[in-house]
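Could you walk me through this model, stop by stop? I have the viewer open and would like to know what to select next and what is there.

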Amino acid sequence: MQKQFLPLASAFLLAASASAQSLGSSSSSQASAAFPLYDEPYRPQYHFSPPMHFMNDPNGLVYFNGTYHLYYQYNPTQLVAGNQAWGHAVSTDLIHWQNAVPQIAIPEAITGPLAGQIFTGSAVVDSNNTSGFFTGHPGQALVAIYTLNQPTREVQNVAYSLDNGYTYTNYSGNPVLNHGNNPNFRDPKVFYYAPTNTWVMSVALPRAHQVLFYTSLNLKDWTLVSTFGPAGVEGYQWECPNLFPVPVQGTAETKWVLMVGINPGAPQGGSIDQYFVGTFDGTTFTADDTAARVMDFGKDFYAAQTYNNDPLGRTIVVGWMSNWQYTQVVPTTPWRGVYTLPRVLSVLPSQNQTQTGSLLVQTPISLNDLHDQTLFDGSAELGTGASLSVPLKGNSSFEFETTLVAQPTSGQLQQRLNIDISNSAGEKVTVGYDWSQGQVFVNRGQTKGFSNPFFTNKFSVWEANADNSIKLHVFVDRSTLEVFVDNGIQVCSTSFYMLSGPPTNLQFTAENDDVTVQSLTAYSLKSIWR
Ligand code: FRU
């Protein structure tokens, strides 16, 4: 019962409901009517972004009673980080999102014993009432575990919801975890480990490059059971650890993956998530090898979190599609921050692992329900210098899937295929494949909407198949690009900013030798906001 509201946040909520009234909305449509129309330049049409102000990490991803909850690190009053609270949106299908009312599920606490900011954390479904929070409240079960960031220390708090996750009440015994008043001790991710009927928490000791594992029977009393790290890429800090099981494709086997953020110090610069694949026995995570692997070969994938309690038993990850190097100055307004598409995770069986050892596979959830116009469905033979052009009719937010093949001429593979995604002013983002190198590349440099020394342009990854084919599944959403290579063995997530409007054309051009576009399907996608 120690919940505190920041006055500015309350003012924001009042403004949101006032605008709902001025639009003459009924209470049933208030959730959507209270917020902007999501049609500003750069505004993603089928990815989640907050109505206004600054968003960073996904928090408290949990499914409960038919609803996927998406909480998020949020500054409710400014376009830069600060006054951190938990914003809130809900979905029944992980595609269509509705901004929740109230938008702030866990507000900042600026006075009293809870003085501090509500940093990243997770949410669980306490169906057996192990916490005791739900005595006398049948049907309620959501508990949030988050970091309270205070001027001199970071501690872990719990809070519970008696209204299906719309608002949370802080536990009177907070904090539940304090690591010697350490100023850097944050981002608890909790899940239920059924074999031992125990809650397990991973939490970062950022400057020590360590993940600490705690267990609990009641979400209030926690025991340190193991530590992991330093390992992989250390960078300056480790943040937002997540430990989760994933199926091994084509088998009944399960592997455990520990994902942890590096910030700054990512191989690409700034922040990125890395992961380790291994085993977990209820207390200790053991990595299979010491290799460092990153989740993404672009620059905009950070602080990702996996869903708890998915009804289909999937492990679904959502990442923040930005980078701390430039996220506070990107040219979007009145909001900053966008999330990746939810992606289902698995690993390849070891005999299928590629030389780069990229084991984790990310499969975007299907957007077939959003398909609007079919822009292309066919194949093409492209001679050297020849192009296939696909005008982007309808919404300029779209997806395409293609399989490309090249054959060697006199023993040599020298082809390159450029896929230009351009607007009428000639600004473009290029995705391509170079057979002579066996590498996928992405270039966001020929755009004019944003210039910054850290907003680097070009990314690439090695990925080659014995039959010289390559498969690309690409999602473009006004200012976001996600490229899934060979069914998600490699992924590139990037933001881009075209000054003269979103893309209007898709063009495939072969260089150096012939390329077969074995298949290409392209669809414009409906907005989830209208
Ligand atoms: C990661 C992070 C977390 C922290 C949160 C604060 O992006 O720095 O470690 O909890 O953001 O907003």
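Here is a tour of the pockets, the cavities and a few backbone features. Please keep in mind along the way that this is a predicted model.

**Stop 1: the largest pocket**

Begin by selecting Phe191, Tyr192, Tyr307, Asn308 and Asn309. Among the 26 residues that line the largest pocket, these lie nearest its centre. The volume of this pocket is about 550 Å³.

Now colour the strands around it. At least two lining residues come from each of β5 (117-125), β10, β14 and β15 (254-262). Which strand supplies the largest share of the lining? That is β14, with five residues. If you colour by residue class, the lining of the largest pocket shows 13 nonpolar, nine polar and four charged residues.

**Stop 2: the second largest pocket**

Next, move to the second largest pocket, which has a volume of about 280 Å³. Select Pro364, Glu399, Glu401, His473 and Phe475: of the 20 residues in its lining, they are the closest to the centre.

β23 (360-364), β26 (398-405), β31 (469-476) and β35 (515-525) each give at least two residues to the lining of the second largest pocket. β31 gives the most, with four residues. Sorted by class, the lining of this pocket holds eight nonpolar, nine polar and three charged residues.

Domain 1 (10-364) and domain 2 (368-525) each contribute at least three residues to the lining of the second largest pocket.

**Stop 3: the cavities**

Time to look inside. How many cavities of 30 Å³ or more does the structure hold? There are four of them. The largest cavity has a volume of about 90 Å³.

To find the largest cavity, select Val330, Thr332, Gly337, Val338 and Tyr497, which lie nearest its centre among 13 lining residues. The lining of the largest cavity divides into six nonpolar residues, six polar residues and one charged residue. Keep the domain colours on for this one. Why does the largest cavity lie between domain 1 (10-364) and domain 2 (368-525)? It lies there because both domains give residues to its lining.

**Stop 4: two cis peptide bonds**

Switch to a view of the backbone and go to glycine 229 and proline 230. The peptide bond from glycine 229 to proline 230 is cis, with omega near 0°. Proline 230 sits in the loop between β13 (223-228) and β14 (238-247).

Then select threonine 333 and proline 334. They are joined by a cis peptide bond with omega of about 10°. Look for proline 334 in the loop between β20 (316-320) and β21 (335-336).

**Stop 5: two asparagines with positive phi**

Asparagine 197 is a residue other than glycine with a positive phi, near 50°. You will find asparagine 197 in the loop between β10 (186-193) and β11 (198-205). β10 also supplies at least two residues of the lining of the largest pocket.

Where does asparagine 487 lie? Select the loop between β32 (480-485) and β33 (490-495), and asparagine 487 is there. Phi of asparagine 487 is positive too, near 60°.

Methods. Residues numbered from 1 in each chain as written. Predicted model: local features only at pLDDT ≥ 70, side-chain atom pairs only at ≥ 80, totals over all residues. Heavy atoms only, no water. 1 Å grid on protein atoms, 1.4 Å probe; cavity = no way out; pocket = protein on both sides within 12 Å on 5 of 7 lines; lining within 4 Å. Points joined across faces, edges and corners; volume = space filled by probe spheres on them. Nonpolar A, V, L, I, M, F, W, Y, C, P; charged D, E, K, R; others polar. Domains from an automatic or database assignment.
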